[in-house]
Amino acid sequence: MDLVWICIIAGLVAAGVVAFFVRYVLRQDQGSDRIKEISAAIKEGGLAFIHREYRTLAIVVVIIAITLAVIPSLGWRLSVAFVFGALCSMGAGYAGMNMALRTNGRTCAAAQKGLNQGLRVSFRGGAVMGLTVVSIGIIGLSVLYLVWHDAPNFLFIIPAYGTGASLVALFARVGGGIFTKGADAGSDLVGKVEAGIPEDDPRNAAVIADNVGDNVGDVCGMGADLLESYVETVIATMTLTTVGVVIAPWVTKLFPGLSTEAALQAAWWLPMLIMAGGIVASIIGCFLVRVGEKVDMSALLGALRRGTLGATILTAVFGFLVIHFLHASLGLFWAMLAGLVAGALMGESTNYFTSYAFKPTQEISEASTTGAGATIIRGFATGLMSTWAPIVLIALAIAVAYRFGSFYGVALAAVGMLSTLGVTLATDAYGPIADNAGGITTQAGLPEEVREKTDALDSLGNTTAATGKGFAIGAAAMNSLGLILAFAMAAGIVTISSTTGQLEPFPEALSLLSVPVIVGIFIGALMPPIFCAMTMKSVGVTTSAIIEEVRRQWREIKGLMEGTAKPEYGKCVDIATRIALKQMLLPSIMTIVAPVIVGVVLGKYALAGFLIGALATGFILAITLNNAGGAWDNAKKWIESGKFGGKGSDAHKASVVGDTAGDPMKDTAGPSLNIMLKLMSVISLMLAPVLMHFGGLI
């Protein structure tokens, strides 16, 4: 029981640092009246969207909570845990986005004083999101333990908490992604390509909606996404501990010198304590981020790397100390380290394939000199090629973790990967703030040297956002695998040998040649492409509506193009909000319902195949879409920096088309796949007691 207070204290320390960063940012100069006006409009639009989205989501949460409460095998405790998880996810996303909305204008004002000050303000604004997520995540899990650890079905209560967090994350990611990319693509196509006006030109009625979208999609959505990854990783490890370790005497091999009961407790608390150490390391990493005044991308990137690398090294040290303190086998340290290193290297891989400092993205810029078609071909090829490194890294991490810790080690590798989330998410949430700051700089008519600094921060933000999404994809894959293993054991599909810690011989029904498993694999493999098609089509619908509205205003508002009249910015925000909330429902409901239907109709063995099939195709698709989109975006930035003709050239126009095609890939479909995979897995785990003795209708 004493160990839970260590976790709570770590969460409270993170909350204290969040309060410090909030106070620091809010004390900064808000800039000129024009900056305040633009920032206020972005804030109003962002809060209006999230309030409407949460009202819609609340209805879904209540319906599912009631359903869980009335199912005899589940009950009211699962229902309460589900609602608690949903509220935690809502709170984390709202807090992070609210801070980002208050930081963008202050970053503009800070950039007027110096590049380092601009980076410090924007990064600390993003760090509020990162540290809020880990604080809420670890405190939420600790509260569940304190309240219900003696409950007979606690094993199935904690997955309900993760399911609630996943549900909110899916709606936030899909709805926010449709909003942000519909507004972004519409603004770029009608402004830069069609009218030939600069990016973020105040005459474009969609620019405020574009700025709003950065916050609702890339801050609120990403925060909710990684909160669920964070808590579900711990949930998967705890579940494996309960259903696997407790019945297997080999647990004493993982914790030599301890009795089976003491080893069980140590195995239970190990992931939580590693996360607590990661929180402390992330806080230190956040304070390591600083840069000089030279506008140099390598220096800016080095500043953020110093923070993330420092946190990674410290987490490894803290993890070793925790493992030693709990008398665990050194093999568990290697399992955790495998995940930690894989996560860091996946970020570097994503950086290589998406940053314009490296050859793959520069080649896309060069291809743009021959037209938009060449841009699309080269960018998509880059996205496909970029899949090999993350796949190999995840495979190696799984193999190493299994070698040193069996299935418990695999789940622990996912814990290691996510243990530095506080600083990793800070670098991701920083990106939209810097992007907003760049837009406000143009709209407010600030001097060119200020725009040069905010452009540098924005370009860095594009890279960190792509890196963050790559990290989130890897974490989702490891997390989903842990949840699938936990489901297989909780549903009685597989069992662990009491002597070797390996799987007992598979039942014939789980054979790869078993018809239910094959059918499940095919149906599961189909889910990610269908999901992506739905979300990308929704972005297209939103984009078309935004373009038509901007054209209408140019036609009907006299003096708008001459700069003597103001656009009706709120109309575009309202259009994007209305369409996004409508379009997000179908893919979200499909994700919730699909595993339930497969499990009930085809049975638990087919559902296991379904989850594996979805994970395999979803992982590869997510990497491809994220990296292709990030590379297209930065290829455009590379041209805008003066290469291949610079802004306004034919190469630039072709790169804008590539960026527009990549927007829904990297900011809507790709990131939403992470949540889809995790949500289907945790729903299956939550339904394990229902499916345990049920063979399916067919």
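Colleague: Is H327 buried, partly exposed or exposed?

Modeller: Keep in mind that this is a predicted model. H327 has a relative accessibility of 48%, so H327 counts as partly exposed.

Colleague: Where does H327 lie?

Modeller: H327 is in the loop between helix 9 and helix 10. The phi of H327 is near 60 degrees, which is a positive value in a residue other than glycine.

Colleague: And what about F644, which loop is that in?

Modeller: F644 sits in the loop between helix 19 and helix 20. Phi is positive there too: near 55 degrees for F644, again in a residue other than glycine. F644 is partly exposed, because its relative accessible area is 36%.

Colleague: Switching to charges. How many salt bridges does the structure hold?

Modeller: There are 18 salt bridges in the structure. One of them pairs K181 with D663, where the closest N and O atoms are 3.8 Å apart.

Colleague: How far apart in sequence are the parts that K181 and D663 tie together?

Modeller: They are 482 residues apart in sequence.

Colleague: What salt bridge does D633 form?

Modeller: The side chain of D633 meets that of K666 in a salt bridge, at 3.5 Å from N to O. This pair links distant parts of the chain, with D633 in helix 19 (residues 604-640) and K666 in helix 20, 33 residues apart. D633 and K666 are both buried.

Colleague: Which residues are joined with them into one network?

Modeller: The network consists of K181, D184, D633, K636, D659, D663, K666 and D667, joined by salt bridges that share partners. That puts K181 and D663 in one network with D633 and K666.

Colleague: And E568, which side chain does it meet in a salt bridge?

Modeller: E568 meets K571, with 3.3 Å from N to O. E568 is partly exposed, with a relative accessible area of 35%. K571 counts as partly exposed as well, at 43% relative accessibility.

Colleague: OK, nonpolar surface. Which residues make the nonpolar patch?

Modeller: The patch is made by L309, I313, V317, F320, L321, L330, W334, V400 and F404, and covers about 800 Å². Helix 9 (297-325), helix 10 (330-354) and helix 13 (388-418) each give two or more residues to the patch. The largest share, 5 residues, comes from helix 9.

Colleague: Where is the place of F404, and is F404 buried or partly exposed?

Modeller: F404 is in helix 13. F404 has 35% relative accessibility, so F404 counts as partly exposed.

Colleague: Now the inside. How many residues has the largest nonpolar core?

Modeller: That core has 227 residues. The residues with the most contacts inside the core are F255, W269, L270, L332, L421 and F487.

Colleague: What is L270 in contact with?

Modeller: Leaving aside neighbours within four places in sequence, L270 contacts F255, V322, I323, L326, L332, Y408 and L412. Two of those, F255 and L332, are also on the list of residues with the most contacts inside the core.

Colleague: How many disulfides does a search of the whole structure find?

Modeller: The search finds 0. For C88, the nearest cysteine sulfur is that of C220, 14 Å away. C88 is buried, with a relative accessible area of 10%. C532 is buried too, with a relative accessible area of 5%.

Colleague: Last one. Which helix does N211 lie in, and what does N211 touch?

Modeller: N211 lies in helix 6 (residues 207-243). Not counting residues up to four places away in sequence, N211 touches I42, D200, N436 and Q443. N211 counts as buried, because its relative accessibility is 1%.

Methods: Residues numbered from 1 in each chain as written. Predicted model: local features only at pLDDT ≥ 70, side-chain atom pairs only at ≥ 80, totals over all residues. Heavy atoms only, no water. Patch = residues over 30% accessible without salt bridge, like charges linked within 9 Å, V, L, I, M, F, W, Y side chains within 5 Å. Areas by Shrake-Rupley, 256 points an atom, 1.4 Å probe, with all protein chains shown as cover. Salt bridge = Lys/Arg side-chain N within 4 Å of Asp/Glu carboxyl O. Helix = DSSP H or I, 4+ residues; strand = E, 2+ residues; numbered from the N terminus. Buried < 20%, exposed > 50% of the residue type's maximum accessible area, 1.4 Å probe, protein only. Core = buried A, V, L, I, M, F, W, Y, C linked by side-chain atoms within 4.5 Å. Contact = heavy atoms within 4.5 Å. Disulfide = S-S within 2.5 Å.
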